Amino acid sequence: MLCGLIAGPFVLSSPGWLFAAVTALFLAITAGHAWLPGTDGSRPLASEDTARPGLLAGVALLPFAANALAFYLYFHFQHFLAVYAVERASSAFYSVVLLLCFTLVIVVQPLASGLIRRMPYALALALAVGFTGLATGSAVLAAGTRAALLAGGALITLGDIVLFLKNDLEALRRSPRSDAVVFGQQRLAAGLGACASGVLGGQLYGLGERAGHTGWFWLLAAVQCLLLPPLLLTLRRRTARLPVSDGDHEGALTRDDTDGRIPGR
């Protein structure tokens, strides 16, 4: 989100330089990872008998699916707000919207984390609150005014805060895997959802653009926020832990073992 705040004024004015800078940044990060210290070779290689299970072994199915769906819907906002906002206001105002969202994340998320942790995970409560926030914010964005951009962005961000924290905490509670593996599983779900949002959402936004009514894109996003989450009900009976091989010595977790384990974006 900070990158979006910095890049906002250049989305339309200098897109070539913007994407060149982003490419250079990712190349620098890649090069930096290549210089990370490795092992000294003294650690014995794992045998086939003690091989670790795959990434998705022991996955908490409902939090994984809910996270993928949440990021699919949330990234409609992340992917397409820029082009939508600058057509109705300016790239500078788009940065103001991002600044508001960024401020909500760094201020509200820590303050609300305890409440979100204690909130029941039932679809009628925690998930309903989050997806309702996304739906309401998307519907408000359809108005296209400056006030709507600010209010819609705030509502979507608040919904994302609830969904992000609660899905990760619930995954930690339900999965027998280590913290690192659980976070990896949840980030995989987020990546899949964001990718689907870019592919499918892009087609929908393109249709709205060609029809001259991009506001309808946000109304359709709001409808998806209301209709798709109930499909998660079909997973409620399939949330039992998947078997983990005996060679996995990461340590099984108790149902309440989430103290001190803080999800990260």
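Student: What is a salt bridge in this structure, and how many salt bridges does the count come to?

Tutor: A salt bridge is a side-chain nitrogen of Lys or Arg within 4 Å of a carboxyl oxygen of Asp or Glu, and by this rule the count comes to four. The model is predicted, so local features need pLDDT of at least 70 and side-chain atom pairs count only at pLDDT 80 or more, whereas totals for chains, interfaces and linings use all residues. Residues are numbered from 1 along each chain as its sequence is written, and side-chain values use heavy atoms, with hydrogens and water left out.

Student: Which residue forms a salt bridge with E87?

Tutor: In general, side chains of opposite charge can pair when their charged atoms come close. Here the partner of E87 is R88, and the closest N and O atoms are 3.3 Å apart. On the scale of relative accessible area, buried means under 20%, exposed over 50% and partly exposed in between, computed with a 1.4 Å probe on protein chains only; E87 is partly exposed at 47%, and R88 is partly exposed at 33%.

Student: Where in the chain do R187 and D168 lie?

Tutor: The side chains of R187 and D168 meet in a salt bridge at 3.2 Å, N to O. This pair links distant parts of the chain, with R187 in helix 7 (residues 179–211) and D168 in helix 6 (residues 146–174), 19 residues apart. Helices here are DSSP runs of H or I with at least four residues, numbered from the N terminus. R187 is partly exposed, with a relative accessible area of 27%, whereas D168 counts as buried at 0%.

Student: At what angle do helix 6 and helix 7 pack?

Tutor: Axes are lines fitted to C-alpha atoms, for helices over the stretch in contact, and angles run from 0 to 180 degrees between N-to-C directions. Helix 6 and helix 7 pack at about 135°, with their axes 10 Å apart. They are therefore oblique to each other, given that angles under 35 degrees count as roughly parallel, over 145 as roughly antiparallel, 65 to 115 as roughly perpendicular and the rest as oblique. The contact (heavy atoms within 4.5 Å) involves residues including D168 of helix 6 and R187 of helix 7.

Student: What separates E170 and R174 in helix 6?

Tutor: E170 and R174 are separated by about one helical turn, because they are four residues apart in helix 6. Their side chains meet in a salt bridge at 2.6 Å, N to O, and both residues are buried. Salt bridges that share partners join E170, R173 and R174 into one network.

Definitions and conventions: Helices (H or I, at least four residues) and strands (E, at least two) are DSSP runs, numbered from the N terminus.
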